[in-house]
Amino acid sequence: MYKFPLFQSHLDLAHSYWQRLLSPTDTVIDATCGNGQDTLTLAKLCSEGTLYAIDILPRAIELSTAYLCQNLTAEQMKRIRLIQGCHSHFPAVIQPATVKLIVYNLGYLPGGGNKNLTTMVDSTLLSFQNALPLIQNGGAISIALYPGHPEGLREQEKILLFVRELSPKIWNICHHQWPNRVNSPSLLLIQKNQQ
Ligand SMILES: C[S@@+](CC[C@H](N)C(=O)[O-])C[C@H]1O[C@@H](n2cnc3c(N)ncnc32)[C@H](O)[C@@H]1O
């Protein structure tokens, strides 16, 4: 096992940004909750806010619910809304400019999930279009990308083209890559201006 001083993976790096950004009362969306691991990290960081956790697979919602129930109190669970559905549309109850962070960990359900049931570029891009107006000033979108499989590579390429068109006066965007690892995941961060 390797040990590096700042972070081991794109997910460690993502978590350290979330920690810096979030306050306890924030509203947050996990747009791909999967097994619930990212959701748990977010639930601990926004312990008094509302957390929406979305996944298209009923199995992912079951796994996330079980994992969160094991690791959180009943009181903490009341702040989490688990939603089975496509993230291309967000719950209507979420008002524009009220969400501090939206997290995407793209790809397929880890741990034996069906690799054909992966996020798809068209619905991911539609989701981003609907996500941007929800972000409050000083908020962000965090996206873990997996170009090591064909749909993941297409997704990364199209997403990078999409974000290049966003106004630099409103959106500050950076893409972390690991150039000495072949086909490694990457981390895209989209921050909204504070004002
Ligand atoms: C890499 S996994 C997420 C891992 C998760 N964040 C965790 O911590 O365990 C990607 C997830 O995206 C989900 N997904 C795929 N297409 C989706 C869609 N259109 N809307 C919402 N979720 C989707 C998959 O079912 C899968 O569970």
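Trainee: Hi! Let's start with the second largest pocket: how many nonpolar, polar and charged residues are in its lining?
Mentor: Hello! By class, that lining has 7 nonpolar, 6 polar and 2 charged residues. Keep in mind that this is a predicted model.

Trainee: Got it. Which residues lie nearest the centre of the second largest pocket?
Mentor: Out of 15 lining residues, Tyr 17, Leu 21, Ala 140, Leu 189 and Gln 191 lie nearest the centre. Two or more lining residues come from each of H1, E5 and strand E7 (186-192).

Trainee: And what volume does the second largest pocket have?
Mentor: About 280 Å³. For the largest pocket, the space is about 640 Å³.

Trainee: Oh, tell me about that one. How many residues line the largest pocket?
Mentor: The largest pocket has 29 lining residues, with Thr 32, Asn 105, Gly 107, Tyr 108 and Leu 109 nearest its centre. H1 and helix H2 (37-45) each give at least two residues to this lining. Its classes are 13 nonpolar, 14 polar and 2 charged.

Trainee: Where does the ligand sit?
Mentor: In the largest pocket. There are 22 residues around the ligand, and Thr 32, Asn 35, Asp 38, Asp 55 and His 87 come nearest.

Trainee: Which atoms of Asn 35 and the ligand lie 2.9 Å apart?
Mentor: A backbone N or O atom of Asn 35 and an oxygen atom of the ligand. With Asp 55, an N or O atom of the side chain is 2.7 Å from a ligand oxygen. For His 87, a backbone N or O atom lies 3.0 Å from a nitrogen atom of the ligand.

Trainee: How much of the ligand does the protein bury?
Mentor: The protein buries 96% of the 600 Å² that the ligand exposes when taken alone.

Trainee: New topic! How many cavities of 30 Å³ or more does a search of the whole structure find?
Mentor: The search finds 2.

Trainee: What lines the largest cavity?
Mentor: Its lining residues include Ala 43, Cys 46, Leu 72 and Arg 79. By class, this lining has 5 nonpolar, 4 polar and 1 charged.

Trainee: And which elements each supply at least two residues of the lining of the second largest cavity?
Mentor: Those are helix H1 (10-21), strand E4 (99-105) and strand E5 (135-145). Among the residues lining that cavity are Trp 18, Asp 38 and Tyr 104.

Technical notes
Residues numbered from 1 in each chain as written. Predicted model: local features only at pLDDT ≥ 70, side-chain atom pairs only at ≥ 80, totals over all residues. Heavy atoms only, no water. Near = heavy atom within 4 Å. Polar contact = N/O pair within 3.5 Å; in protein donor to acceptor, adjacent residues only side chain to side chain. Areas by Shrake-Rupley, 256 points an atom, 1.4 Å probe, with all protein chains shown as cover. 1 Å grid on protein atoms, 1.4 Å probe; cavity = no way out; pocket = protein on both sides within 12 Å on 5 of 7 lines; lining within 4 Å. Sits in = over half its atoms within 2 Å of the grid points. Points joined across faces, edges and corners; volume = space filled by probe spheres on them. Nonpolar A, V, L, I, M, F, W, Y, C, P; charged D, E, K, R; others polar. Helix = DSSP H or I, 4+ residues; strand = E, 2+ residues; numbered from the N terminus.
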